[in-house]
Amino acid sequence: MKKTALYIPLIALLLTTSGCEEGFDELNVNPTAATALNPLFTFNNAMINTTFPGSTMVFEHPIVQQVFSPNSGVLAGGNFNVDNRGPTGPNTGIWQRYYRDVIRYLVDVIAKTKDDANRTNLYHMARIWKAYAFMVLTDTYGDIPYKEAGLGFLQANITPKYDTQQSIYDDIIKELTEATAALDAAKPTEAGDIVYGGNIVKWKKFGNSVLLRAGMRLTKVNPTLAQATAVKALAGGVILTNADNGLVRNNANYQNPVGTMLNSTEAANLYLTRYFVNYLRTNEDPRLASIAARYVGAKSGAEQTAARINRDPAVQIGMPMGFDNGTIPAQATADKLASFYDYSQLDRTRLGRLDAPTFMVTAAQTNLLLAEAAQRGWITGSAADYYAAGVTAHMQQLGDADATSAVPAAAITAYLQKNPYVAANGLEMINTQYWVASLLNGPEVFANFRRSGFPKLTPNPYPGKEIKGNFINRITYPDSELSVNKANQAEALSRQGPDNQDSRVWWDKQ
């Protein structure tokens, strides 16, 4: 009887299933879930994720001798002139962050807004930002997936072909030119964008400034195109004041990845190089007081306390390169320091804060590129004036990064008077200042060092280097590409050269 009682309701349930299906789909729809995502939200997410990963402290900054670590393991890279690969190795930093969290979002935004008459400005803004992001990627690695990148969801393409860097630059210049010109303040704008709040004039300046950067990248490989592009960018209007800087203002929810690294497990492991500190001290550069901090007398990371911090330029001592964890203690003793923890660091309480802004394209960088273009005779205007404007802009920018890092106006004037522009040394002066002004923008400072050859750095003397030349020329592809896109990567390497740190990217012509 019990079995029959249980069996009959079950039969009844099965027989009435078809009737219950009516309205089933509606019943299982979450009434509070979004049915469509505003592409502006996706765009903002892409821009936030364009901030530079902590891996730039492992390769880019040590290569150009600004910040490095004497420690190996996860921090091995530019400090020892070695490759550091693997699924989570620092050579994956830009690749993974940009393809996964920037490019695929921008491709989606462009697809969703391309035919929407009410979102034309968003469409063109996304094209400009995509061109910028791809410049960072191709300058870092060389030939990369470009035309077919980010199409895994839209076209199920998970093995994109690699494009040559030359073709990528041709398209980047085209995209920046067309998209910047097409921005129209008379059409609906995007007040919610996190960088410029939909200000079309500022977006145009950003687009033209990236275009200028793209043009100047070609000075060695195609000076004719470099000049034409610089002229076009300047005519369109570029970023000349800090009010127009292209930056992401990080906060407690969206932290600066470099700041996160400097304030967590690696807080006591990264130091300003002796060359960088000495350059600023020798030239009585007031920026040293804004950038550096030394925990005087610290014998361990635990002793790097607020009570020990000293920002006085006179006491700053940069860590010399060429040492590792086993050899730096003796050098610290020779330098009359308590330990290697006593060397100067980038001040992680100011420029290296968790919520410090990330500067992508600035007035300082743009003015200095214009100074170079003027020095080369490519544009009208005074190279000396652009140079002074660039130096001034960076000193003022430090105050925007942190109010306590502001350089007084009198100190800026005094510095420029003591260090006047000399045309005979113009290219070196301009690009050495670009090196200082691009601190914490690892991809850009690394790219411009390769392009210009300045500052004139003495090669890192660490004896265990894996490279054949004096400096690392590119970051190698992540090992993950060997397992997921091996054939296309192999085709790229047949053109570009071996996947090592000695191979040069296309525009880095010797």
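**View 1. Lys418 and Glu284 are both exposed.** In this predicted model, the two side chains meet in a salt bridge, with N and O 2.8 Å apart. Lys418 sits in helix H18 (residues 409-418). Glu284 sits in the loop between helix H13 (274-282) and helix H14 (288-291). The pair therefore ties together parts that are 134 residues apart in sequence.

**View 2. Arg474 pairs with Asp499 in a salt bridge.** The N to O distance is 3.0 Å. Arg474 belongs to the loop between helix H20 (442-452) and helix H21 (480-484). Asp499 belongs to the segment after helix H22 (486-496).

**View 3. A network of salt bridges includes Arg474 and Asp499.** Which other residues are linked in this network? Asp83, Arg85 and Asp479 are linked with them.

**View 4. Glu491 and Arg495 form a salt bridge.** Their closest N and O atoms are 2.5 Å apart. Both residues lie in helix H22. Being four residues apart there, they are separated by about one helical turn. Glu491 counts as partly exposed, at 37% relative accessibility. Arg495 also counts as partly exposed, at 35%. Side chains of opposite charge can pair when their charged atoms come close. A search of the whole structure finds 34 salt bridges, and this pair is one of them.

**View 5. Gln316 is buried in a loop.** The loop runs between strand S7 (309-310) and helix H15 (328-334). Gln316 counts as buried because its relative accessibility is 0%. What does the side chain of Gln316 meet in a polar contact of 2.6 Å? The partner is the side chain of Ser344. A polar atom of the Gln316 side chain also lies 3.0 Å from the backbone oxygen of Asp312.

**View 6. Gln316 touches residues from several stretches of the sequence.** Residues up to four places away in sequence are not counted here. Val277, Arg281 and Leu288 are among the residues touched. Ala292, Ala293 and Arg294 are touched as well. Asn310 and Arg311 join the list. Ser344, the partner in the 2.6 Å polar contact, is also touched by Gln316.

Methods: Residues numbered from 1 in each chain as written. Predicted model: local features only at pLDDT ≥ 70, side-chain atom pairs only at ≥ 80, totals over all residues. Heavy atoms only, no water. Helix = DSSP H or I, 4+ residues; strand = E, 2+ residues; numbered from the N terminus. Buried < 20%, exposed > 50% of the residue type's maximum accessible area, 1.4 Å probe, protein only. Polar contact = N/O pair within 3.5 Å; in protein donor to acceptor, adjacent residues only side chain to side chain. Contact = heavy atoms within 4.5 Å. Salt bridge = Lys/Arg side-chain N within 4 Å of Asp/Glu carboxyl O.
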